[in-house]
Amino acid sequence: MRQFKAFSNKHEAVAQVKLLKMLEGKAIVQETDMPEVMQSQVMELAYQALDLHEVSDCQSIARYIKQKFDEAHGAAWHCVVGKEFGSCITHLCGSFIFFRVEMLEFLIFKDDTDFSESKEEAIGVVQKPKKFDQ
């Protein structure tokens, strides 16, 4: 729920309401080194994810964005969505964005993980045979 401060006149109050309506639902980029085209794509995916999932279901929102960005730009993308979180990451240059839509924060970045092995191997599903010493 938004809280409004007391205004000295009606004009000031109307201007504040117009500003809030204009910003409502808009992404506010806090930091990025991502090209503008990719920024637009990832923010559009965030809007789509918010339309498809409950705002409280941050994991599903993050999964949606990550899967779509992996499909569009190759594997190794990471997505964190939440209200408050800390992070310490390493990312490829040109692949980082941190933005806010209303009360949710979005952190999307790509690392340089080598996915030359199969998807199952990369996520540890395939058990490789153990070598026994004789």
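Which strands does helix H2 lie across? I looked this up before anything else, in a model that is predicted. Helix H2, residues 36-52, lies across E1, E2, E3 and E4. I noted its direction too: H2 runs at about 40° to E3, the strand of residues 97-101.

**Entry: the sheet**

I went through the strand order next. Four strands form an open sheet, ordered E1-E3-E4-E2, with antiparallel pairing. The edges are E1 (27-32) and E2 (77-82), each of which pairs on one side only. On average, neighbouring strands of this sheet are turned by 15° against each other, direction ignored.

I then took the pairs in turn.

- E1 and E3 run antiparallel and are joined by five bridges; valine 29 has phenylalanine 99 in E3 as its bridge partner.
- E3 and E4 also run antiparallel, with five bridges between them; phenylalanine 98 stands opposite leucine 107 in E4.
- E2 and E4 pair in the antiparallel sense over six bridges; the bridge partner of valine 81 is phenylalanine 106 in E4.

Is E3 mostly covered or mostly open? I found it mostly covered, with four of its five residues buried.

**Entry: the helices against the sheet**

Helix H3, residues 58-73, lies across E2 and E4 and runs at about 155° to E2.

Alanine 46 is found in H2. At 0% relative accessibility, alanine 46 counts as buried. Leaving aside neighbours within four places in sequence, I list Ile65, Phe99 and Phe106 as its contacts. Alanine 46 and valine 101 are 55 residues apart in sequence, yet their C-alpha atoms are 8.4 Å apart in space.

Leucine 50 is also a residue of H2. Not counting residues up to four places away in sequence, leucine 50 touches Val55, Ile61, Val101, Leu104 and Phe106. I also took its C-alpha separation from tyrosine 64, which is 9.7 Å for 14 residues along the chain.

**Entry: salt bridges**

How many salt bridges does a search of the whole structure find? I get two.

One joins aspartate 70 to lysine 66, and the closest N and O atoms are 2.4 Å apart. Both residues lie in helix H3, four residues apart, about one turn of the helix. Lysine 66 is partly exposed, with a relative accessible area of 30%.

Another joins arginine 100 to glutamate 105, where the closest N and O atoms are 2.5 Å apart. Arginine 100 counts as partly exposed, at 25% relative accessibility. Glutamate 105 is buried, because its relative accessible area is 10% and the cut-off for buried is under 20%.

I stayed with glutamate 105 for its surroundings. Glutamate 105 lies in strand E4. Its side chain has a polar contact of 2.5 Å with the side chain of arginine 100. Apart from residues up to four places away in sequence, glutamate 105 touches a list of residues including Gln30, Val80, Val81, Phe98 and Phe99.

**Entry: lysine 110**

Side chains of opposite charge can pair when their charged atoms come close. With that in mind I looked at lysine 110, whose place is in strand E4 (residues 104-110).

What is the nearest side chain of opposite charge to lysine 110, and how far away is it? I found aspartate 70, 6.9 Å away. A salt bridge needs the nitrogen and the carboxyl oxygen within 4 Å. Lysine 110 is buried yet has no salt bridge. Aspartate 70 itself forms a salt bridge with lysine 66.

I then asked what does lie by this side chain. The backbone oxygen of alanine 75 is 3.4 Å from a polar atom of the lysine 110 side chain. Contacts of lysine 110, not counting residues up to four places away in sequence, are His73, Gly74, Ala75, Ala76, Trp77, His91, Leu92 and Ser95.

Technical notes:
Residues numbered from 1 in each chain as written. Predicted model: local features only at pLDDT ≥ 70, side-chain atom pairs only at ≥ 80, totals over all residues. Heavy atoms only, no water. Helix = DSSP H or I, 4+ residues; strand = E, 2+ residues; numbered from the N terminus. Buried < 20%, exposed > 50% of the residue type's maximum accessible area, 1.4 Å probe, protein only. Lys, Arg positive; Asp, Glu negative; His and termini not counted. Polar contact = N/O pair within 3.5 Å; in protein donor to acceptor, adjacent residues only side chain to side chain. Contact = heavy atoms within 4.5 Å. Pairing = 2+ DSSP bridges. Axes fitted to C-alpha atoms, helices over the stretch in contact; angles between N-to-C directions.
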